[in-house]
Amino acid sequence: MIHISELHASVGEKEILKGISLEIAAGEIHAIMGPNGSGKSTLAQVLAGHPGYEVTAGTVTYNGQDLLAMDPEERAQAGVFLAFQYPVEIPGVSNAYFLRSAYNEIRKARGEAEADPLEFLDIVSERLKLVDLDEAMLNRSVNAGFSGGEKKRNEILQLAVLDPRFAILDETDSGLDIDALRIVADGVNRLRRKDNAFLVVTHYQRLLNYIVPDRVHVLVDGRIARSGGKELALELEERGYDWVTAEPVAGV
Amino acid sequence: MSSEIELLVNKDYQYGFSTDIEADALPPGLNEGVVRAISERKREPEWMLEWRLKAFRRWQQMTEPHWSNVNYPAIDYQAISYYSAPRTAKPLGSLDELDPKIRDTYDRLGIPLHEQKLLAGVAVDAVFDSVSVGTTYKEELRKHGVIFCSFGEAVQEHPELVRRYLGSVVPYSDNFFAALNSAVFSDGSFVYVPKGVRCPMELSTYFRINAADTGQFERTLIVADEGAYVSYLEGCTAPKRSTNQLHAAVVELVALDRATVKYSTVQNWYAGDEEGRGGIFNFVTKRGKAFAGSKISWTQVETGSAITWKYPSVILQGDHATGEFYSVAVVNNHQQADTGTKMIHVGRNTKSTIVSKGISAGRGNNSYRGQVKVLPKAANARNYTQCDSMLIGNRCGAHTFPYVEVQNNTAIVEHEASTSKIGEDQIFYCKARGLSGEQAVSMIVSGFCREVFKELPMEFALEAQQLLGITLEGSVG
Ligand SMILES: Nc1ncnc2c1ncn2[C@@H]1O[C@H](COP(=O)(O)OP(=O)(O)OP(=O)(O)O)[C@@H](O)[C@H]1O
Ligand SMILES: [Mg+2]
């Protein structure tokens, strides 16, 4: 699905990602953990194509394509999705209109027919149930005045509607209450298939009780300091991050 | 701001073509003889000529106002031609007699003048340079007693109405540009809706400046008699020319007791090129007088013109009158807009609402100038003003000049203002969902303008939204 090799990225003069290599196969879920400021969101944004980060070295291959050569919208149309750590507000634009426009752009890119507002309403109502959100949400402006938790759930609604091949969830669990956390995790589990993959950024082992990862990676200072199975998350929970940096870097 | 966004705002002005047509034009210059010549060409009655001459003499004593926040080279009023009419323009028996070249012009502008082809439910008066070239659905409207015709025709056929209301809201002495207009106005639209009649369709006028070095001075007068309702839309375009052209219009609205007048404008005069060459200087006086229990609502989407100077206002004369002003003003490249409104509360329990959305891109400069005045007798007057600015890029400007004058202490006046910037993060968020940069900008801007767009008649809301996309394309820098 996605193959990241020796990826370096910086903002201005400052190097943030210092050689990341990672491979995720279709059907897999990988988790990324790591201290604040270690570069998790940067990795997520670079994969989605944020113009504020400069990739200085390395390659990313996505289903055989050179991902880094694609514009952000092309990536999205090709099935890459980023659930933002800080979802952006767009006042005055209804959630329904925004979602339908995005949905139709992706359909168009795939050579499929666009959905009219009524057809789309059917699709979206079914998806709303998956994330246990109220239909009233659709008539509100995109994220404007949403609570922190509502914003995160809205990201999951978008995920559910756009049905990506490769989804990155950047701390989607932060700011969610226990019930919402379970709903989000259930949503992801239901969307999980043999032909898609997830990269889940989180600070909490708790989430990984619900979304069970195939691999866990620990990002420290722009590098993957350690990788392991789902037990690694438990170990981190107990021992913190210090021991990871102290011990020699493990292979990925 | 990313260079990509910069590409989004500079799409070609698609209405910039000109029509090669023989015209009956007066040579450049302005004096009493010119005023008389215009009146004579229009075969006007004596009272009309007298009014023009009074206006002209007044104008000669006035000086051009310079208090607005716009800069432009001095206008040489002697270098402008004050009258240009397509030579074939004689009273038309029917629209089918219209010069095919002119009809073709309106077709290219997307305004078909064949009645059967028209948007259902919209009657159109088309003004080409100085004269009205045709009004559609006239007969249909007559059945309801609604008069919708060119101003010139109204002077001939309904002199009693014109005499009664002309200048009753904007006197010829009102300001420099209004005085100039009163002296030399050549045509425009006239509407009268009788007592208790709800005008059965949207009325609209499309103004087109074609001739070079010609000023356009049209005058619109709309009278809604007691309990009547009318919704009116004005659209404007002009060819691309490298020199500036002057447009100084006057619009007067009269809403008698319990009447409603809704006036919408989609102004898309040529704005000049990226370097700021050419474009229309748009100095317009628009005002309505609202009598007891009536309502006047202005909605404007201003995307064109090199300079816009315009303050659609409402005099809330009668008790319980309502005034509204909803505005979107977009400036890009070197455009300058100084626009806003005046709400003058005279009667008791009068209410006004102002929603202004200014969008500045490129090196554009946008100013909101609004006045809310509550006179001593206007007990319980209420005003709510919301004034939002959006900046696209770092070289543009947004300015707000609110003036509030309250002479009755039972009044409640509220003002809210905000300034925001289209952020790279908003655009990236849209792109990360598969939308193009262009779609992103136009979506963000439409969202910002939503409160105003929802006031536009349905048929035109879409047009306005598209226009906005075009105006902003390639604009961020
Ligand atoms: N646009 C930027 N400009 C300057 N510095 C940046 C920018 N983006 C990220 N950084 C810096 O890069 C480092 C990594 O940031 P990043 O957001 O990727 O961390 P993170 O691992 O996601 O942290 P958290 O767990 O707090 O979300 C931080 O030191 C941050 O300040
Ligand atoms: Mg982060």
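Predicted model: local features only at pLDDT ≥ 70, side-chain atom pairs only at ≥ 80, totals over all residues.
I take buried to mean under 20% relative accessible area, exposed over 50%, and partly exposed in between, with a 1.4 Å probe and protein chains only. By that rule A:Gln85, at 15% relative accessibility, counts as buried.

**Conventions**

Residues are numbered from 1 along each chain as its sequence is written, chains are lettered from A and ligands numbered from 1 in the order in which they are written, and side-chain values use heavy atoms, with hydrogens and water left out.

**Entry: confidence in chain A**

I looked up the average pLDDT of chain A and found 91, with 97% of the residues at 70 or above. Helices (H or I, at least four residues) and strands (E, at least two) are DSSP runs, numbered from the N terminus.

**Entry: the magnesium ion**

Which residues coordinate the magnesium ion (ligand 2)? I found A:Ser41 through OG and A:Gln85 through OE1, at 2.0 to 2.2 Å. A:Ser41 lies in helix H1 (residues 40-48) of chain A and A:Gln85 in the loop between strand E6 (80-83) and strand E7 (90-94), so the pair ties together parts that are 44 residues apart in sequence. Donors here are N, O and S atoms within 2.8 Å of the metal (3.2 Å for Na, K and Ca); water is not among the atoms, so the site may look incomplete. I also checked the cover of A:Ser41, which counts as partly exposed at 22% relative accessibility.

**Entry: ligand 1**

I listed 15 residues around ligand 1, of which A:Gly37, A:Lys40, A:Ser41, A:Thr42 and A:His203 come nearest. A residue is near a molecule if one of its heavy atoms lies within 4 Å of it. H1(A) gives the most to this shell, with 3 residues; strand E2 (14-24) of chain A also supplies at least two. By class the shell holds 4 nonpolar, 8 polar and 3 charged residues. Ala, Val, Leu, Ile, Met, Phe, Trp, Tyr, Cys and Pro count as nonpolar, Asp, Glu, Lys and Arg as charged, and the others, Gly among them, as polar.

I then looked at oxygen atoms of ligand 1. One is 3.2 Å from a polar backbone atom of A:Ser38. Polar side-chain atoms of A:Gln85 and A:Glu171 each lie 3.2 Å from an oxygen atom of the ligand. The protein covers 64% of the 630 Å² of accessible area that ligand 1 has on its own (Shrake-Rupley method, 1.4 Å probe).

**Entry: backbone angles in chain B**

Most residues other than glycine have a negative phi. I noted B:Arg43, with a positive phi of about 50 degrees, in the loop between helix H2 (32-41) and helix H3 (46-60) of chain B. B:Arg43 is exposed at 65%. B:His320 has a positive phi of about 60 degrees and sits in the loop between strand E16 (313-316) and E17 of chain B. At 49%, B:His320 counts as partly exposed.

B:Tyr384 lies in strand E21 (residues 382-392) and is partly exposed at 25%. The C-alpha atoms of B:Tyr384 and B:Ser352 are separated by 6.5 Å, though 32 residues apart along the chain.

Note on methods:
Polar contact = N/O pair within 3.5 Å; in protein donor to acceptor, adjacent residues only side chain to side chain. pLDDT = per-residue confidence, 0-100.
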